Amino acid sequence: MSDESAHAVTGTPVESDETPPTPGAPAKGRRELLLNIARYLLLAVVVVAALAYLWTNWDEVAPRLAEISPWTLALSLVAVVVGIGCATMSWQVLVDDLGKPIGAGRGAQVFLVGQLGKYLPGSVWAYVLQLELGRKAGLARARVFAATVFSIAVAIVAALLAGALAVPEIVEDRPDLSWLYWFYLALPVALVCLHPRILTAAARFGFKVLRRPRPDHPVSYRTVLTSLAWALASYLSNGAHLWLLARSGAADLGFRAWLLCAGAMAIAMLAGLVAFVLPSGAGVREVVIVAALSPFVGVPAAVAYATVSRLLFTVADLATAGGAALLAVWAKRRLGHYHGDPGID
């Protein structure tokens, strides 16, 4: 008797070896494929934009590089890489606190590869790329978005604190840059936003709006202070990078000059963040650096060092992003796919 006859006689359903297709599965697969293509296309565009920036500025930078010793350039580049690593840790402390820790390999890939988006006009592309890379790595977009917003607030506070080491001297020499003081109107607001209760409420509200399970514990003072400490360390390291370059033109620069360079880099990067319509804050950052260095080395040399600084940051961004991508591949092979956020495939 066939299965159909048995069903007709007994009236009972017959089990089939075939699993019925899940409703919406083909559409979901196509959507995921399109998202993957979009991610890779966006990543390709930002890498090309960073390389193009490097290429178009090479003729201006090359003569200045010849005037700086290879050891100074190497040490300055190392300082930039350390600064980028500290900034990554400032972000990762926050993203790890919002869920199951993701590990340095996955975190570096999301943050550092995503940061290449700043080389496109409108630095918002960096955050878009971070969201998509985080989603690809198994992180809920709500979690990456919250960590990124919180890390921006941390970076602003750290930049204003470190910038206080340089802004008074910069404005004294360049009164036309007195607008830098306007940045400090944001300090009380940013400090309030960094209060753990405010961060916790913001995270829970955002996760609720995006229909994601909210974090199972509040943001702690320890998390905020650790993230802030990493951000300050990033600016100090970036200051060391600029100080090393400036020493090649003024050998008597000491500890005070290093602190001035740290403050200048902090406020310069904050100015670049505000000028988000420009690729990586191009131009605005250099104005602050030149103003800080010109009293020590003169305007022509200060312009040269600001340009070389931009070159070193571009090289470091590309190198650390490439290294992070390789580290993420190793982490995935060793630890498997991340499954910390519910509902993420």
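The model is predicted. The chain contains 14 helices and 0 strands. Of its 345 residues, 46% count as buried.

**Overall make-up**

- Read along the sequence, the elements follow the pattern α-α-α-α-α-α-α-α-α-α-α-α-α-α.
- Among contacts in the chain with a separation of 6 or more, 75% are accounted for by residues 24 or more positions apart.

**Helices α5 and α6**

- Helix α5 covers residues 104–115 and helix α6 covers residues 124–137; their axes come within 8 Å and cross at roughly 150°.
- Angles over 145 degrees count as roughly antiparallel, and α5 is therefore roughly antiparallel to α6.
- The crossing in which α5 passes α6 is right-handed.
- On the α5 side, the residues in contact are Gln-109, Val-110, Phe-111, Val-113, Gly-114 and Gln-115.
- On the α6 side, they are Ala-126, Leu-129, Gln-130, Leu-133, Gly-134 and Ala-137.
- Sorted by class, the contact of α5 with α6 has 7 nonpolar residues, 5 polar residues and no charged residues.

**Helices α11 and α12**

- The axes of helix α11 (residues 221–247) and α12 come within 7 Å, and they cross at roughly 115°.
- Angles of 65 to 115 degrees count as roughly perpendicular, and α11 and α12 are therefore roughly perpendicular to each other.
- Here too a handedness is assigned: α11 passes α12 in a right-handed crossing.
- Helix α11 contributes Tyr-235, Leu-236, Asn-238, Gly-239, Ala-240, His-241, Leu-242 and Trp-243 to the contact.
- Helix α12 contributes Ala-257, Trp-258, Cys-261, Ala-262, Met-265, Ala-266 and Met-269.
- The residues of the contact of α11 with α12 divide into 12 nonpolar and 3 polar, with no charged residues.

**Helices α7 and α9**

- Helix α7 runs over residues 141–163 and helix α9 over residues 186–193; their axes come within 9 Å and cross at roughly 135°.
- At this angle α7 and α9 are oblique to each other.
- The crossing of α7 past α9 is left-handed.
- Ile-156, Val-157 and Leu-160 of α7 meet Ala-186, Leu-187, Ala-190 and Leu-191 of α9.
- By class, the contact of α7 with α9 has 7 nonpolar residues, no polar residues and no charged residues.

**Phe-145 in helix α7**

- Phe-145 has its place in helix α7.
- Phe-145 has a relative accessibility of 48% and counts as partly exposed.
- Phe-145 and Val-128 are 17 residues apart in sequence, and their C-alpha atoms are 9.0 Å apart in space.

**Salt bridges**

- The count of salt bridges comes to 3.
- One of them joins Glu-169 and Arg-256, whose closest N and O atoms are 2.8 Å apart.
- Glu-169 lies in helix α8 (residues 167–173) and Arg-256 in helix α12 (residues 255–274), so this pair ties together parts that are 87 residues apart in sequence.
- Glu-169 is partly exposed, at 26% relative accessibility, whereas Arg-256 is exposed, with a relative accessible area of 51%.
- The cut-off for exposed is over 50%, which is why Arg-256 at 51% counts as exposed.
- Another salt bridge pairs Arg-174 with Asp-176, the closest N and O atoms being 2.9 Å apart.
- Arg-174 is partly exposed at 27% relative accessibility, and Asp-176 is partly exposed with a relative accessible area of 48%.
- Arg-310 and Glu-286 also meet through their side chains in a salt bridge, at 2.8 Å from N to O.
- Arg-310 lies in helix α14 (residues 299–335) and Glu-286 in helix α13 (residues 284–297), so the pair ties together parts that are 24 residues apart in sequence.
- Both Arg-310 and Glu-286 are buried.

Methods:
Residues numbered from 1 in each chain as written. Predicted model: local features only at pLDDT ≥ 70, side-chain atom pairs only at ≥ 80, totals over all residues. Heavy atoms only, no water. Axes fitted to C-alpha atoms, helices over the stretch in contact; angles between N-to-C directions. Helix = DSSP H or I, 4+ residues; strand = E, 2+ residues; numbered from the N terminus. Parallel < 35°, antiparallel > 145°, perpendicular 65-115°, else oblique. Left-handed = near helix turned anticlockwise from the far one by under 90°. Contact = heavy atoms within 4.5 Å. Nonpolar A, V, L, I, M, F, W, Y, C, P; charged D, E, K, R; others polar. Salt bridge = Lys/Arg side-chain N within 4 Å of Asp/Glu carboxyl O. Buried < 20%, exposed > 50% of the residue type's maximum accessible area, 1.4 Å probe, protein only.
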